[in-house]
Every structure is written in C-alpha cells, then in structure tokens.
Amino acid sequence: MLNTKDYYNRDLSWLRFNHRVLQEAADERNPLYERIKFLAIFSSNLDEFFKVRVSDIRQIKQLDKPLRKRLITKPNKLLRKIKKQVELQQKEFGRLFFTEIIPALANEGIQLLSYKAFNEAQQAFSKKYYKDTLALTESLSVSEDQPFLENEALYLVAQMENEALIWVKINEATPRFVTLPSSDDKHCITFVDDILKHNLKAIYKQDFYSVKISRDAELYIDNEYSGNLLDKIKKALPNRVHGQVTRALIDELTPEKLQQKINKVLDINETDIVKGGTYHNFKDLFSFPNPTSKNLSFLDLPPLLDEEFLGYSNTFEAIKSKDRLLYFPYQSYRPVLQLLEEASNDASVLKIKITLYRISNDSQVAKALINAVKNGKDVFVFIETKARFDEENNMKWGKVLEANGAHVIYSYPGIKVHSKILYIERIEANASRAYGYISTGNFNEKTSRIYTDFGLMTANPKITEELCQVFQILERQIIIPKSKQLLISPFTTRRQFTALIDLEIENALAGKTAYIILKLNSLQDAKMIKHLYKASCAGVKIRLLIRGICCLVPGIKNQSENIIVTSIVDRFLEHGRLYVFGNNGKEKMYLGSADWMTRNLDHRIEVITPILDRDIHLKLKEILELQLNDNVKSRVIDANQNNYYVAKDALGESSQHQIYKTLQ
C-alpha cells in the first residue's frame, strides 16, 4: 500500500476539482451568465459530495478500530480536513457572488435585491405576491411543530419570544427568482426567500434565517449478492429521504441562541454544521433569468454534422467502408440515433444489443429500440439500475421496454455495468455481418450536448466478435471472455494496462522511445499509481490529463519527477477517456469508458477498444495535442493541488474552441 505522502486523498482531490469549477466562476474571460452557471455547478457538485462521499466516510467510522487502522486516512481526521476545505471554498463563493457577480449584473442593468432594499412599490408587490401566489398555494408550508427536514429542501426558521421555532419550507416547485417592479432601464430581481422574509417578519415580528440539510443518499441494500436486486433497489430508494444528516448548512448570521435551539431539535453538532451565507441552494442559479435583450452567455457552438456519413445510402454502408469516430458535443449525436433508427426499420437487421447506464427522460434511443421490437427484431437491453440518482428513470424505461417485448436484464449483484456499447447483427449477401459502437459516454441525447465524449463505430470483425462476447457475458451465456483486442473489466483491463506500462519501462531502460499519455476523469487506483511511479523512475515520460480526482502526486524526486499532470475545466465537461503508449515508435492508442479507479478496473463491466484505424488514430492524437497544450483553461496539478493556471493567456484560445474549429 502507498504511503499518504505518495497518495493524495481522493475526497480532498475531488474538492480541489470543485475548486477548479469555482475558478471558472471567477474567470472574467467567461460571459457573466456562464460565471453564474459555474456557481450553480459548484453548488450542485458540493450537494452530491455531502450526500454520497461524506456519508461513506461516516460509515467508515462505524467499522471496528483494527479495520479502520488499515485504511489510508482516519475518518475523523479526514472529515475535519473536508470541513476546513469546504468552509474556505464557501467563503470564496460568497465573496465572488456578492462582490463580483452582483455588481457585474448591476452593470448590465440587472439589480438583484434583498428585501431590505425594496422600495415602496416593491414592498407593495412583495405583499401582494405573498398573499396571492405564496400563501394560498403549495409554494410553502409553515409549522410550529418540529418538521422532518427533507434532503436538500430550503427552510427558513425563526425563534419566537416563547422560544418556539417557526419553520417555513419553500417547496421545490416554487420559482426561486421573482421579477420585481422597476423603473427606467433597470431590471430588478429578488430571491423568493426575500419575498418570504419581508412578509414573515411583518407577521411574526422576527427575523428568519436559512437552513438546509444534506442527507446520506447511498442505497444500503441488505445482502446485495443474492435475491432479486431490482426489487431491493426499489425498496431502498425511499430510504434516501430519511438518511443520516451529513451536512447542516446554516446562515452564519443566525443568532447563537437560535443556533443552539436548532442544534438541539435537529440533533446535530458542530461536526455536522457548515456556516453558509444568507441564501442556500445556489444550484437554482441554473434558472437565473436574463430579463435583458443582451446575450450574456457563450456564443452557441452548434453540433457539426460529420460529412464522412454523407454520400452513403445508409449508416451501415458508411461504417462498413471505414471505422467512424464521433466527438460530442462538437459533432452531432444524430449519427448514433440514425444508426438505431435505421436498424429498427431495416429488414436485414436481426439483432440489436445495447447497454443503458443513464437514459434521458424523453429517450429517442429507447423509442428506437421499442420500434425495433415492433418490427420483429431480437432486442436485448441491459439496464444498470445502480446508476446513482438515475435509478428510478432507468427502471421506468426498463419496464416500458419489457412491456413492448424487449429482452431486458437489470443490474447484476455485486457489479456495475458501466460500458457504453451497442451491437447490431445484419444479414448481408446471405451472411451475417456485425456492427459495433463503443463510446466513453452514455446513450443520452441531452448529455451529448454538454459532455465531451468519443464514440467509435466499426464493422471490423476483430472488434465486433469480441463485443459479442461482452453481451454473451451479460446474457450469462459465457463466464469469461477470450479477448485479444478489447480490454474488458473486470477480466483483462488491469492486467493489460499493467503489461503496457511494463513494456514502456522495458523500452526506457533499453534507451528506446518510451512515453505514456492518459486522458481520464479520475486516477485513484493505488496499484496503477504505484506502477506509474515505477515507470517514471525508469525514465518513462508520462503526461496525464485528469479532469477530476487525481490521487497521484506528481513532480516528486525519485518518485514521479517524469510525470506532468494538467486538468481542463471549460464550457463542456471533459468526459472522454484515451490511453496512449509509445511502444518504441509504434504508438498504441485505446478509447473506452473506464477511469483508473479500483471500481472501474475490478468491480465494473467496462469495454476499452484499441484504435485500429490510422486516420482515427491521427485525428485523436491531434485532439489530444490541442488539450495537452491548452494555455487558457488548463491548470497544473502539482503535489499540493493548488490549481495554478498553466497560463492565463487573454489572447489565447482554449483547446475546446480549437477542437471545434479543427472539426469544422
């Protein structure tokens, strides 16, 4: 096991990633409403962190002490570090919002007002809005009894003279922002919280303060390894509502007497409390209105239609002639939908097999699969029900697909299916031909406009024959695949990546060309990190592009001095994974869905494909070089993860913009 000095804690590293999101909110090169959106992303990310990761750490505290001692970081010590980091980031968030964003809005003629700044007309509007829109609807609930505080819900609380507490819940359907009457060329907006505080103070003669609770959102399933896992997940979902408190976010201006009362009635202590500002749930900034006619967001980059598909009678002919690469969101998701739609209507298509991890609510993918069943195709769908926070939507579509005649299998006990793969079998010239699609991103049309993901379409038998084996595993026809091309977790991925690193070490020691380039979301697995350290010490040049968690500590003499790590946070979420190995001048490149985390290597079904087409190899290398050389949105990940920009080049152009231009 690695020492803590060799291994940066994964949860602290994740907080450093969220700090990079906060940096984008601070970056004045971004349009104003994009800065506001980054504040919303930061807030949403942090909510999930407390619901998932902090809850896991608290569960560690329940373990026997001898077992806890074998863990890399003791839970209490880690929780203190997390709290300190979060409080620093919250202060920076508040500074940004109040001293930069609000003045910047004012410069555009948009005033965000607290109730204390309402003029007479706005006060009158506030009273009427409260009476007509809030008090008489389901917009809020008022209770003098201690309510159960729901996960992530917004509450206002005040203490009466008799020491009783008044709780007001702002219901989720209530619009968070209200447009106020204004004069001249100004537009005035307020939080609905301020409308409430203005009216509640008049009613109760007390000031109200904001409170928000985050609760453990893990699904604790009794004996995941036997029985009907789908039924167990269904039964466990409602338990999220009642999970243990992992964070109590409380207005820092709350009087001490009221704070103590809140602590007592909610049964929380200082460990649980994070002091926040006047407003909570800043993820609602996603819906912050723009009442002006000005464009205060990024200029649109409409997805490009890949011209390589033009000139063919159908998508199958285009893929049969040559492997095809798609890069979302720069390029349109339409070819993926078109492939499925054509397959569903093509009389020559016999079988369609697909894995679904996160599906959009109004899924065109699922609709194409239903159409395929109606047209007599054999349709097999594996649905991962353990995709966190998408369980209910995935199960809904599973039932719809089943009802329409598709063969649907849900999650396996003890393992997740994280691969994003499609297999189509078609009769051509009286023989069977297979088509495959392997992607780094979900079959989700909506996220394809936000996440950067690669998708490879191929009819190469070397790939499709092994892709068929993956589906045979999912259908429980075989237990272990026999693959020479694909890397398949949890069977071969770790072993083959280790062998590829070993070859680079061997080449470096022999004085040959030796390098490794990895583009990942996260790098956490201790064994792989240790092997990268070994390669660095052997002289292998290692270049890492890590969006999120990076537990590797770079730049340490006699450990990682040949390793450079950078991270890009920009308008699109970097989500694609690429793996490149020098191989003494005969470079090998792979694309797939797996990060170098223990769960991806050992506990999930993942599929990683080699890039066998020379043109695609060169295109991916060009994209990768643009990202490695980004001098606008790239940060250096050093030993302390300080998030220094590589260079704040005001005249430069980010790699994402350069990639779009290149693909044009």
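This is a predicted model: local features need pLDDT of at least 70, side-chain atom pairs count only at pLDDT 80 or more; totals for chains, interfaces and linings use all residues.

A pair of aromatic rings is described by the distance of the centres and the angle of the planes. In this structure the count comes to 28 aromatic pairs. One of them joins Tyr-327 and Phe-454, whose ring centres lie 4.3 Å apart with 15 degrees between the planes, and because planes under 30 degrees apart count as stacked, this pair is given that name. The two residues come from distant parts of the chain, Tyr-327 from strand E10 (residues 324-328) and Phe-454 from strand E17 (residues 451-458), 127 residues apart. Tyr-327 is buried, at a relative accessible area of 1%, and Phe-454 is buried as well, at 0%.

A further pair, Tyr-423 with Phe-471, is tilted, with 6.4 Å from centre to centre and 45 degrees between the planes. Here a strand is linked to a helix, since Tyr-423 belongs to strand E15 (residues 420-428) and Phe-471 to helix H13 (residues 461-474), with the two residues 48 apart in the chain. Tyr-423 counts as buried at 5% relative accessibility, and Phe-471 counts as buried at 0%.

Elsewhere, ring pairs join into a cluster made up of Tyr-33, Phe-42, Phe-93, Phe-97, Phe-98, Phe-177, Phe-191, Tyr-279, Phe-282 and Phe-288.

Charged side chains also meet aromatic rings in this model: Arg-29 lies over the face of Tyr-645, at 5.6 Å from the ring centre, while Arg-547 lies over the face of Phe-17, likewise at 5.6 Å from the ring centre.

Key:
Residues are numbered from 1 along each chain as its sequence is written. Side-chain values use heavy atoms; hydrogens and water are left out. Rings of Phe, Tyr and Trp (its six-membered ring) pair if their centres lie within 6.5 Å; planes under 30 degrees apart count as stacked, over 60 as edge-to-face and the rest as tilted. Helices (H or I, at least four residues) and strands (E, at least two) are DSSP runs, numbered from the N terminus. Buried means under 20% relative accessible area, exposed over 50%, partly exposed in between (1.4 Å probe, protein chains only). A charge sits over a ring if NZ of Lys or CZ of Arg is within 6 Å of the ring centre and within 35 degrees of the ring normal.
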